[in-house]
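Student: Can you show me how to read a protein model, feature by feature? I would like to begin with the surface.

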Amino acid sequence: MVATVDQFAVLGDQQPGLLRRIAQWLRPGGWLLATVGQDAWTGTENNWLGGPATMWWSQADAATYRSWLQQAGLQIVDQDFIAEGDSGHALFWARRPSGSTEPKGQTLTECRRAEGRRSRE
């Protein structure tokens, strides 16, 4: 499974739960390649990628993502820094332990339904 920029569009307080669900979606021994924030930042960028849209961003720092991945039950195998301009991103290779017997997480459709119920409450 690969997680890229789209995680940054998830509210910061919801990201640990998302990472827990992603960890459950992985098969035992399955890999996650995640590109996440190197430094904490929340804000907007007008005319993102030259278009008319405003992009909203929310990211923690690399140490926080490392902690969240470990709390989700994933083993961090490698961490790297990917430079971009005068900043960059953290790249994590993590995997679900081979002997993991937790039940599989919800399907994407089940997650969307659950999120929809929470937003209406």
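Student: Which residues make the nonpolar surface patch?

Tutor: This is a predicted model. Here Trp31, Val77 and Trp93 make a nonpolar surface patch of about 290 Å².

Student: Is tryptophan 31 buried, exposed or partly exposed?

Tutor: Buried means under 20% relative accessible area, and exposed means over 50%. Tryptophan 31 has 35%, so it is partly exposed. Tryptophan 93, at 36%, also counts as partly exposed.

Student: How do I describe a pair of aromatic rings?

Tutor: Give the distance of the centres and the angle of the planes. The whole structure has 3 aromatic pairs. One of them joins tryptophan 31 and tryptophan 93: edge-to-face, 5.9 Å centre to centre, with 85° between the planes. Tryptophan 31 lies in strand β2 and tryptophan 93 in strand β6, so this pair ties together parts that are 62 residues apart in sequence. Tyrosine 65 and tryptophan 68 also form an edge-to-face pair, at 5.3 Å and 85°. Both lie in helix α2, 3 residues apart.

Student: What about the inside?

Tutor: In soluble globular proteins, nonpolar side chains tend to be buried together. In this model the largest nonpolar core has 19 residues. Those with the most contacts inside it are Leu32, Val36, Tyr65, Leu69, Leu74 and Phe92. α1, β2, α2 and β6 each supply at least two residues of this core.

Student: What covers the buried residues of α1?

Tutor: The cover includes β2, β4 and α2. Among the buried residues of α1 are Leu18, Leu19 and Ile22.

Technical notes:
Residues numbered from 1 in each chain as written. Predicted model: local features only at pLDDT ≥ 70, side-chain atom pairs only at ≥ 80, totals over all residues. Heavy atoms only, no water. Core = buried A, V, L, I, M, F, W, Y, C linked by side-chain atoms within 4.5 Å. Buried < 20%, exposed > 50% of the residue type's maximum accessible area, 1.4 Å probe, protein only. Helix = DSSP H or I, 4+ residues; strand = E, 2+ residues; numbered from the N terminus. Contact = heavy atoms within 4.5 Å. Patch = residues over 30% accessible without salt bridge, like charges linked within 9 Å, V, L, I, M, F, W, Y side chains within 5 Å. Areas by Shrake-Rupley, 256 points an atom, 1.4 Å probe, with all protein chains shown as cover. Salt bridge = Lys/Arg side-chain N within 4 Å of Asp/Glu carboxyl O. Phe/Tyr/Trp six-rings, centres within 6.5 Å; stacked < 30°, edge-to-face > 60°.
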